[in-house]
Amino acid sequence: MTKNLNTKIGTGGSIANTSNIALVHTTMDALLQRAPTLPGIGTFYGPSGLGKSVGAAYASHPAGFNGIYVACRSFETKKSFVEQICKSIGIQARGNIPAIVDEIVQVLALTARPLIVDEVDYIADSRTLELVRDLHDASGAAILLIGEENLPSKLKKHERFDNRVLVWQPAAACSSADFDALVKQYVPDIEIAPELKARVLEETRGITRRVVVNLEHIKRWCGQNGIKAAPGNADINLYTGNAPGRKGL
């Protein structure tokens, strides 16, 4: 069972207990409770918008797994990457890259905190990825890598890295139960008819971010009409993520 995060995370409030939070929880448990002889790297991957970064927030929050969180950027280098880790830990990055890595390894080994690396696709084709392997091998820390749906194929190009992955976990599309959890999280005062719920899930193709946007649209529509229950035939222009076509097409 996932821990219930009632504390606020950033400006987004508490985290809804969706399927992907449960998957992150299971993955982190497998990494942290593994046998000493097993590798400690896990992956959580899937298309944009499924809530992977929310899973990262859960794994890095003190009420979750108290992970050390970093998000890779398009311009990431080895130096900027280790500096990010130091900032997340709360220590200063002093000296050259080997000296900084040694400092990070010591913190990881002594605290047993997992390292959460989001947007890892940005470094999957660079030598910065090998630095992640160095941190894993030297500290024995659990490391969760989060990226897009092609992340497994990118990592498998690096044989020495691929051999250290214990868990390959794909993210899940928003389910009916997830929808209900998101309603409680974002629009608890609004009742949504089953037909409208089914329409949202179908037209968004289960992309969690789009579902959340549409919950806000439904809330706004209810406010404009002075009601608290959105019927199945509500005339709401749902956000699907598709570019608008020309009129008449």
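Start by selecting C222, which is buried, with a relative accessible area of 1%; buried means under 20%, exposed over 50% and partly exposed in between, using a 1.4 Å probe and protein chains only. You are looking at a predicted model, where local features need pLDDT of at least 70, side-chain atom pairs count only at pLDDT 80 or more, and totals for chains, interfaces and linings use all residues. Residues are numbered from 1 along each chain as its sequence is written, and side-chain values use heavy atoms, with hydrogens and water left out.

A search of the whole structure finds zero disulfides.

Next, select Y58 and F65. They form an aromatic pair, 5.9 Å centre to centre with 90° between the planes, which makes it edge-to-face. For such pairs, rings of Phe, Tyr and Trp (its six-membered ring) must have centres within 6.5 Å; planes under 30 degrees apart are stacked, over 60 edge-to-face and the rest tilted. The count by this rule is one aromatic pair. Y58 is buried at 0% relative accessibility, and F65 is buried at 11%.

Move on to helix 8, residues 176–186, and colour its buried residues: D178, F179, A181, L182 and V183. Helices here are DSSP runs (H or I, at least four residues), strands are E runs of at least two, and both are numbered from the N terminus. What covers these buried residues includes helix 1 (19–32), strand 6 (191–192), helix 9 (194–204) and helix 10 (208–225).

Then pick D162, in helix 7 (residues 159–162). D162 is buried, with a relative accessible area of 18%. Leaving aside neighbours within four places in sequence, D162 is in contact (heavy atoms within 4.5 Å) with L155, K156 and W168.

Finish at the largest pocket.

- Its volume is about 610 Å³, meaning the space filled by probe spheres set on grid points joined across faces, edges and corners.
- A pocket is an open set of points on a 1 Å grid over the protein atoms alone, where a 1.4 Å probe fits, with protein on both sides within 12 Å along at least five of seven lines; lining residues have an atom within 4 Å of a point.
- Of the 32 lining residues, G51, K52, S53, V54 and Y186 are closest to the centre.

How values were computed. Disulfide = S-S within 2.5 Å.
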